[in-house]
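This briefing goes through one structural model by topic, from the chain as a whole to individual side chains. Please read it alongside the sequence and the coordinates.

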Amino acid sequence: MAGGEGADNPNLKGLSRIFNSETNYGRANVAKATYALMGLAILYFTFKPKKK
């Protein structure tokens with residue numbers, strides 16, 4: 001959207017470099033992480049032992 005800086009911004013460190021909201025790459029990573037967490041939650045609740 002705004003700014004011409006890509007994921008190479010030297011001011012960003014750690015997770016903010018991977019999950020930034022200013023680049024399509026960072027937004028895609030946020031979406032992938034969200035889908036992964038939702039999938040893990042579904043798997044957990046599907047396979048956890050039932051109470052008897």
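Between which two helices is the loop in which Asn20 is found? The model is a predicted one, and in it Asn20 is found in the loop between helix H1, which spans 15–18, and helix H2, which spans 24–47. The points below begin with the chain as a whole and then return to this loop.

**The chain as a whole**
- The chain has 2 helices and 0 strands, and of its 52 residues 10% count as buried.

**Buried asparagines**
- Asn20, in the loop between helix H1 and helix H2, has a relative accessible area of 10% and is therefore buried, since the cut-off for that class is under 20%.
- The side chain of Asn20 also makes a polar contact with the side chain of Thr23, at 2.8 Å.
- Asn29, which is found in helix H2, has a relative accessibility of 12%, and because this value is under 20% the residue counts as buried.
- When residues up to four places away in sequence are not counted, Asn29 touches Ile18 and Phe19.

**Nonpolar surface**
- Leu15, Ile18, Phe19 and Val30 make a nonpolar surface patch of about 350 Å², so that Ile18 and Phe19, both touched by Asn29, also belong to this patch.
- Leu15, another member of the patch, lies in helix H1 and has a relative accessible area of 61%; because this is over the 50% cut-off, Leu15 is classed as exposed.

How values were computed:
Residues numbered from 1 in each chain as written. Predicted model: local features only at pLDDT ≥ 70, side-chain atom pairs only at ≥ 80, totals over all residues. Heavy atoms only, no water. Helix = DSSP H or I, 4+ residues; strand = E, 2+ residues; numbered from the N terminus. Buried < 20%, exposed > 50% of the residue type's maximum accessible area, 1.4 Å probe, protein only. Polar contact = N/O pair within 3.5 Å; in protein donor to acceptor, adjacent residues only side chain to side chain. Patch = residues over 30% accessible without salt bridge, like charges linked within 9 Å, V, L, I, M, F, W, Y side chains within 5 Å. Areas by Shrake-Rupley, 256 points an atom, 1.4 Å probe, with all protein chains shown as cover. Salt bridge = Lys/Arg side-chain N within 4 Å of Asp/Glu carboxyl O. Contact = heavy atoms within 4.5 Å.
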